[in-house]
Amino acid sequence: MAVLAALHTEQYGYTLRKIMVDHGIEIDEGTLYPLLRRLESQGLLTSKWREEQKRNKRFYKLTAGGKQILEQLLNEWRSMDSSINSILKEYGHATSRTVLAGR
Amino acid sequence: MQLLERYLQAVKFWLPKEQKEDIIAELSEDIRSQIDEREAALGRKLNEPEMESILKQRGRPILVANRYLPQEHLIGPVLFPIYRLVLKVVMLCYVAPWTVTWIALLIFNSGYAAKFVGHSWVEALGYLWASLWSTAFLAAAIVTLIFAILERVQLKNHFLEEWDPRKLPPVNNPNVISRFNSIVELAANLFFCVWWTAHVSSHVVFNQPNLRISLAPTWRYFFWGFLFIAFINIALAAVNLARPYWTARRATFRLVSDIAGSILFCWLLKSNLLVEIAGASISPAKAGQLTAAINLWMARMFPVAVIFGVVIAVVNIFRIVRVSAPQTHIPGERPAMA
């Protein structure tokens with residue numbers, strides 16, 4: 001979901017991984033590149049080789065289908081987040097945000 | 001950079017043919033971007049140890065390539081628990097009887113045991129393993145092959161997803177006695193009583209013109225003893241059929257009956273019961289030898305009979321303990337009563 005969200009704007013693998021790391025999501029190349037290929041084979045991403053800084057790089061971008069799936073995933077995520085928060089509120093006396101903030 | 005080329009070549013070797021070039025181009029670009037960034041930060045070219053460190057952090061070539069390959073397995077997680085169970089059962093059904101047979105051969109077959117005279121027990125076990133492993137290996141290979149085929153079929157048909165909750169086995173309660181078992185026990189003991197009284201009531205158990213087999217006068221004790229035990233078993237099976245759950249009292253009766261049967265059988269083996277075999281086609285000398293040999297073999301079976309008797313007694317004692325222990329009541333079933 002994070003990868004799909006970051007690919008609203010075109011990125012190549014290396015910069016995409018840096019975006020993930022900068023936002024606290026540690027993902028190694030061995031996981032990221034096969035994942036990008038799977039998402040592309042599912043039609044959620046599109047890719048093209050282009051020269052940049054004198055080197056050929058493969059740029060990925062979200063497709064229309066990818067945007068739709070991302071929207072669905074975000075809805076599921078928000079719904080799950082709200083459910084967990086309500087459970088924490090009732091039984092844990094804290095929301096996930098306060099729990100996370102306390103870490 | 002030669003180290004990088006060597007690394008890429010090693011990864012390339014394991015990649016799927018149609019994607020080799022594409023994946024390697026992207027991986028190469030990614031590693032070069034990382035190197036560029038490091039060099040920009042350091043303000044110089046990377047030396048060999050630094051290069052090695054980057055590649056090492058990327059991982060072993062086969063593992064890197066493996067992440068691009070489709071996930072494959074010979075037997076998947078769905079079938080694996082069943083496969084493991086079947087393999088255990090097959091191994092137990094093969095290895096255990098084979099080992100028991102081998103030990104029995106060692107004890108009772110002097111010709112076979114002579115092979116191991118002067119050898120240590122470790123060598124003897126090595127001999128057992130040598131004759132055991134090839135068939136055990138073959139059995140395991142056949143089971144694995146069958147499950148590998150089932151895995152492929154399951155991936156296509158998803159036959160394990162089709163199931164009916166009504167076909168689940170009933171809740172296992174060891175204190176419940178199967179009515180089928182009681183009926184079989186009843187029928188077998190009735191048949192035994194009829195056959196026993198009709199054919200072996202006299203100490204001359206076989207009396208035909210061409211063959212006569214006589215037993216010692218002590219036979220009458222065995223005759224009445226086994227008949228009495230069979231009557232007890234009939235009574236017990238009839239009660240078990242009507243009330244199909246173990247009680248401490250009935251389990252104790254079964255223990256007493258089984259111990260009595262075992263003692264009687266062990267005594268029978270040691271009592272030189274066979275007195276005479278006479279036949280038109282057997283010379284008296286030969287018949288004497290045969291009689292002695294049968295009595296000897298029966299006596300040699302004594303330790304095995306004792307072991308079986310002890311095992312049966314232990315099982316019965318365990319049942320009494322289990323029945324006497326406080327029970328968790330299972331809805332819809334009658335609890336065991338003392």
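A residue is called buried if 20 or more other C-beta atoms lie within 10 Å of its own, exposed if 12 or fewer, and partly exposed in between, with C-beta atoms placed from the backbone. The model shown in these views is predicted: local features need pLDDT of at least 70, side-chain atom pairs count only at pLDDT 80 or more, and totals for chains, interfaces and linings use all residues. Residues are numbered from 1 along each chain as its sequence is written, while chains are lettered from A and ligands numbered from 1 in the order in which they are written.

**View 1**
B:Met298 belongs to helix 11 (residues 284-300) of chain B; helices (H or I, at least four residues) and strands (E, at least two) are DSSP runs, numbered from the N terminus. B:Met298 counts as partly exposed because it has 17 C-beta neighbours inside 10 Å. In sequence, B:Met298 and B:Asn272 are 26 residues apart, and their C-alpha atoms are 8.0 Å apart in space. B:Asn272 sits in the loop between helix 10 (248-270) and strand 3 of chain B. With 16 other C-beta atoms within 10 Å, B:Asn272 is also partly exposed. The phi of B:Asn272 is positive, about 45°, although the residue is not a glycine. Most residues other than glycine have a negative phi.

**View 2. The loop at B:His158.**
B:His158 lies in the loop between helix 7 (121-157) and helix 8 (179-199) of chain B. Is B:His158 buried or exposed? B:His158 counts as exposed, because 10 C-beta neighbours lie inside 10 Å. B:His158 is not a glycine, yet its phi is positive at about 55°.

**View 3. The sheet of chain B.**
Chain B has 12 helices and 3 strands. The 3 strands form an open sheet in the order 1-2-3, with antiparallel pairing; two strands pair if DSSP finds at least two bridges between them. Strand 1 (204-208) and strand 3 (274-279) of chain B are at the edges, each with a single partner strand, so one side of each has no neighbour in the sheet. On average, neighbouring strands of this sheet are turned by 10° against each other, direction ignored. Strand 2 (residues 211-215) and strand 3 of chain B run antiparallel and are joined by 5 bridges. B:Leu211 has B:Gly279 in strand 3 of chain B as its bridge partner.

**View 4. The sheet of chain A.**
In chain A, 3 strands form an open sheet in the order 1-3-2, and the pairing is antiparallel. Strand 1 (11-12) and strand 2 (45-52) of chain A are the edge strands, each with a single partner strand, so one side of each is left without a neighbour in the sheet. Strand 2 and strand 3 of chain A run antiparallel, joined by 8 bridges. Across these two strands, A:Arg50 stands opposite A:Lys57, and A:Trp49 has A:Arg58 as its bridge partner. The two strands form a hairpin with 2 residues between them, and A:Gln53 in the turn has a positive phi of about 50°. Strand 1 of chain A is joined to strand 3 of chain A by 2 bridges. A:Gln11 stands opposite A:Tyr60 in strand 3 of chain A.

**View 5. Helix 2 against helix 3 in chain A.**
Helix 2 (residues 13-22) and helix 3 (residues 29-41) of chain A pack at an angle of about 120°, with their axes 11 Å apart. Axes are lines fitted to C-alpha atoms, for helices over the stretch in contact, and angles run from 0 to 180 degrees between N-to-C directions. Helix 2 and helix 3 of chain A are therefore oblique to each other; angles under 35 degrees count as roughly parallel, over 145 as roughly antiparallel, 65 to 115 as roughly perpendicular and the rest as oblique. The contact is made by A:Gly13, A:Leu16 and A:Arg17 of helix 2 and by A:Glu29, A:Leu32, A:Tyr33 and A:Leu36 of helix 3. Two residues are in contact if their C-beta atoms, placed from the backbone, lie within 7 Å.

**View 6. Where chain A touches chain B.**
The contact takes 11 residues from chain A and 12 residues from chain B. On the side of chain A, helix 2, helix 3 and strand 3 (55-62) each supply at least two residues. Helix 3 of chain A gives the largest share of that side, 5 residues.
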